[in-house]
Amino acid sequence: MTEPATPASSDDGATDSPVAPSSRSRRRWPLLLLVALAVIVLARGLVVETFTVPTGSMEPALAGGDRIVVWKPSADEVRRGDVIVFDGRRSLGPDLEQAPATGVAELVRKAGQAIGVRQGEADYVKRVIGVGGDRVRMDEAGRVSVNGRPLAEPYASRTGTFSPFDITVPPGRLWVMGDNRGASEDSRNHLGSPGGGTVPVDDVIGQVVGRYWPLDRAGGLEASATLTTDRGPL
């Protein structure tokens, strides 16, 4: 029967002990930790960003107070049906234009953006209904059509009164609307503004991919990559 191996002994009977970490190894750990934190910060600033939904304009998909995760690399590939976050100062909030920050204020702003914290921007969360070249229409009952095809819109809540509109989205811009149609300030409210209420694609921050708070509703956001009609995808 084979005996289990035992630690080797020195001539004086003392067993070998593990080699203690060198002082050089101990000094390396703080550096590795800093590098890891830097990678996390950069990833959060360049790849994902988090936001808090301020109102109920996107109910029932998103409620006021929900905390959401936005995937940023998809900003240049926005499609109909995507729920996006965008800077609305040039479209939905021209009165919120701010003078450019200078000096220390500008450094603080850029540092915040680098770690995914936006300061002072008028950020909105809405659903993309039309892209460049689309003709978007709404009737008195709140029914929406794109390029002559009525949308099914199972995500939308239609309460209240609606003002009809008929607009063709300019190239490089988006027509956006909140799912809670009776309680959303969106492209419809800025038809008379420069751009007719449409949002420049360049102002898109990213696509909403999930919600992490509250915990009982945490998970991925079910958003259609293409809007659907009674006859199938648009």
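Predicted model: local features only at pLDDT ≥ 70, side-chain atom pairs only at ≥ 80, totals over all residues.

Visitor: Which residues make the nonpolar surface patch?
Guide: Tyr212, Trp213 and Leu215 make it, and the patch covers about 340 Å².

Visitor: And Leu215, is that buried or exposed?
Guide: Leu215 counts as exposed, because its relative accessibility is 63% and the cut-off for exposed is over 50%. You'll find Leu215 in the loop between strand 11 (204–213) and strand 12 (219–220).

Visitor: What's the peptide bond from Trp213 to Pro214 like?
Guide: That one is cis, with omega near 5°. Pro214 lies in the loop between strand 11 and strand 12. There's also a cis bond from Glu59 to Pro60, again with omega near 5°, and Pro60 sits in the loop between strand 1 (48–52) and strand 2 (67–71). Most peptide bonds are trans.

Visitor: OK, phi angles now. Which way does phi go at Asn147, positive or negative?
Guide: Positive, about 55°, although Asn147 is not a glycine. Glu153 isn't a glycine either, and has a positive phi of about 50°.

Visitor: Switching topic: what volume does the second largest pocket have?
Guide: About 160 Å³. Its lining includes Met138, Phe162, Arg181 and Arg188, and the lining residues divide into five nonpolar, four polar and two charged.

Note on methods:
Residues numbered from 1 in each chain as written. Heavy atoms only, no water. Patch = residues over 30% accessible without salt bridge, like charges linked within 9 Å, V, L, I, M, F, W, Y side chains within 5 Å. Areas by Shrake-Rupley, 256 points an atom, 1.4 Å probe, with all protein chains shown as cover. Salt bridge = Lys/Arg side-chain N within 4 Å of Asp/Glu carboxyl O. Helix = DSSP H or I, 4+ residues; strand = E, 2+ residues; numbered from the N terminus. Buried < 20%, exposed > 50% of the residue type's maximum accessible area, 1.4 Å probe, protein only. 1 Å grid on protein atoms, 1.4 Å probe; cavity = no way out; pocket = protein on both sides within 12 Å on 5 of 7 lines; lining within 4 Å. Points joined across faces, edges and corners; volume = space filled by probe spheres on them. Nonpolar A, V, L, I, M, F, W, Y, C, P; charged D, E, K, R; others polar.
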